[in-house]
Amino acid sequence: MSRWPLLLSVLAAPVAADPVFVDRSATLPERVVYSGDWEHFVGGGVAVLDCNGDARPDIVAAGGETPAGLFVNETPAPGADFAFADGGLMEITGTTGAYPLDIDGDGHLDLAVLRVGPDLLLRGDGACGFRDATADWGLAPDDRWTTAFTATWESGRALPTLVFGHYVDRANPDGPFEACDTNTLYRPEGDRYGPPITLSPGFCALSMLISDWQRRGTPELRISNDRHYYVRGGYEQMWRLDPLAERTEAEGWRKVSLWGMGIASGDLTGDGLPEVMLTSMGDQLLEINRGDRLEPAPYAIGTYAQRPFLGDDGRPSTGWHAEFGDVDNDGRLDLFIAKGNVDQMPTNAIHDPNNLLMQQPDGTFAEKADAAGVATTERSRGAALADFDGDGRLDLVVMNRRAPMELYQNRTEGTGNWIAVAPRMPAPNTRAIGAWIELRSGDRVQSREVTVGGGHAGGQAGPVHFGLGPASTAELRVIWPDGTATDWTAYDAGQSVRVDY
């Protein structure tokens, strides 16, 4: 195993003050709880999107057996206390999660809603109104237990390619153990979707992400699977999309078996290639991207987070949603991990605090969730880091099972400067899914990929946030999905920038 490269010590800002978050959960008009019995032991995601074009991120929260919620952001000014209103989302029960994307290319964000039951595609009207367009777009989903989703735009197609990941087969009378369901891929045929394509074998998917992880212009489908129910013979999967085929060990794909829950992707080493974070029961596995393969990160990096860091419960942790984001704007990606026991699984920690792992100048990570005030011990599931008040600091929302959703405002002092980037293309792929954004400050380049998927049962569609440390300006370019690129262009810090194709 190669040593973790200590590159960032000379490329980024020094360590800022410990992060500080203030609990703003009381500003939500309703205390949503992800409820339900065993078919809602997993799931519980949140989607973050600007559903009305006012540049303030809104929240869609899965409710499980209770209706999903939409919370419209009415925060009055950058840095002001949060304010949210009930958005009146159409009543949908059985939801496990949701992902925002512009399916029909009209410029308004739509929603793919994951359910215990038939999944839904909701068309957004640009004013936070949504209606069921599943049949309009040609989908006729089965009654499945859906717990993962990802999407991308393939060349020459009018609609995105959609992939739904299913958990245990609800119709299998011999289940749940060794009864994992297959997964489903939909490709468009004209302006509607063709028949479902089955991805088999399936090993109880809990997270999916389509990513051009090798930066070769050929996105691939990563699936994280739950060993608890496939028991034996299963593994983490990677599928090529064209031609549609699973990668094999003969091609160098190293098979890893774990209790896979969530996926996060981000370039930590500065080489332009995204590392992959996989949450699990026990070890949280960070894989370093070597271009032709993914390698486990060394234990000393500090991301394995395999036990609760508070209290005296020494049993293994259970990780769910993982997300990279620069919480203190020092130019280094940090990592949030939502933690929580499945239910009352006696083999795993019951009181399991969430992790906020802050990247240090040497590339290692230090636990700061307790100091930041976000180390709660509910059964957390989905989450999101997003700038809800527009002040350039990433805030936090956390969905909990059988406990109210939590909302936190980032009040960290002495943070660095920042830029947020919103790439835009003509229809059909208006949000430039598959693009890479590169930001250059001094001799350092930060790289981010625009994707749909990952996390645990929820994701975001919004400007891509970069911390700049002390830099007051930065140059950026967008490499579009077709491989063309904008010129490097300088921008002042402290703004959200739209870049058009």
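**View 1. Phe336 and its bridge partner across two strands.** In this predicted model, Phe336 has Leu356 of strand 26 as its bridge partner. Strand 25 (residues 334-339) and strand 26 (residues 355-359) run antiparallel and are joined by three bridges. Strands here are DSSP runs of E, at least two residues long, numbered from the N terminus, and two strands pair if DSSP finds at least two bridges between them. Residues are numbered from 1 along each chain as its sequence is written. Local features need pLDDT of at least 70, side-chain atom pairs count only at pLDDT 80 or more, totals for chains, interfaces and linings use all residues, and side-chain values use heavy atoms, leaving out hydrogens and water.

**View 2. The open sheet 24-25-26-27.** Four strands make up this sheet, with antiparallel pairing. At its edges lie strand 24 (319-325) and strand 27 (365-367), each pairing on one side only.

View 3. Val46 has Ala61 in strand 3 as its bridge partner.

**View 4. Who lines the second largest pocket?** Its 33 lining residues include Trp153, Glu154, Ser155, Pro219 and Pro481, the closest to the pocket centre. On a 1 Å grid over the protein atoms alone, a pocket is an open set of points where a 1.4 Å probe fits, with protein on both sides within 12 Å along at least five of seven lines; lining residues have an atom within 4 Å of a point.
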